[in-house]
Amino acid sequence: PLAGPGVWRAFADFTPTGGDPLTLGVDVTVPGALTPRPLPAPTSSTTVDGYTVTLAGDPEPGRTAELTLTISRDGAPVTDLEPYLGAYGHLVALRQGDLAYLHVHPDGEPGDGRTRPGPAVNFRAEVPSSGTYRLYLDFKHGGAVHTAQFTVLVNGAHAGDVPPAATRAPSPPAPTGPAEHGGPDHGHD
């Protein structure tokens, strides 16, 4: 169920057999009185389900930036993350206003002999423009998937900035990360 009245965007992120990765989006309208809420203030640390997740790195428009998300619980580093959809984390970014979508896979993958199961999950991400973004990190630990959320201001944006009308058309995803991550053994079921 959706959380209440408003326009919601649903994304389907997949790779067709023999094709390139695709992301499709559809808006779903839930009728009723809408009470807009401002995004939470930008922060480099957040708590979800008793986990503290810290973000290091600054996204820049049109440039690949290294982002590291570090996970701890009760003050201790989490070093036994579990694979979720073939990775130790998945990062989604949505730009405020037009909901431009970016799905990023981390560097490395479980079982490759070099990628550690935490506490740090490293990503290389390129955002399409300046603006206010909402980041969502999915990670699995203790048999459950947790989602940490961040608000990030990119390249001089101010909280509440919305792209001008001319740039509000939905943007295609900007794939980043290892090219082989979307291969047939990736694990999206």
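Student: Which residues does Ser 72 touch, not counting residues up to four places away in sequence?
Tutor: In this predicted model, Ser 72 has its place in strand 5, which covers residues 65-73. Contact here requires heavy atoms within 4.5 Å. With residues up to four places away in sequence left out, the residues that Ser 72 touches are Gly 50, Tyr 51, Thr 52, Pro 77 and Val 78.

Student: Is Ser 72 buried or exposed?
Tutor: The relative accessible area of Ser 72 is 19%, and the cut-off for a buried residue is under 20%. Because its value is 19%, Ser 72 counts as buried.

Student: How many helices and how many strands does the chain have?
Tutor: Read from the N terminus on, the elements of the chain run β-β-β-β-β-β-β-β-β-β-β. The count is accordingly 0 helices and 11 strands.

Student: Which strand supplies the largest share of the lining of the largest cavity?
Tutor: The structure holds 1 cavity of 30 Å³ or more, and about 30 Å³ of space lies in the largest cavity. At least two residues of its lining come from each of strand 7 (90-95) and strand 8 (101-104). The largest share, 3 residues, comes from strand 7.

Key
Residues numbered from 1 in each chain as written. Predicted model: local features only at pLDDT ≥ 70, side-chain atom pairs only at ≥ 80, totals over all residues. Heavy atoms only, no water. Helix = DSSP H or I, 4+ residues; strand = E, 2+ residues; numbered from the N terminus. Buried < 20%, exposed > 50% of the residue type's maximum accessible area, 1.4 Å probe, protein only. 1 Å grid on protein atoms, 1.4 Å probe; cavity = no way out; pocket = protein on both sides within 12 Å on 5 of 7 lines; lining within 4 Å. Points joined across faces, edges and corners; volume = space filled by probe spheres on them.
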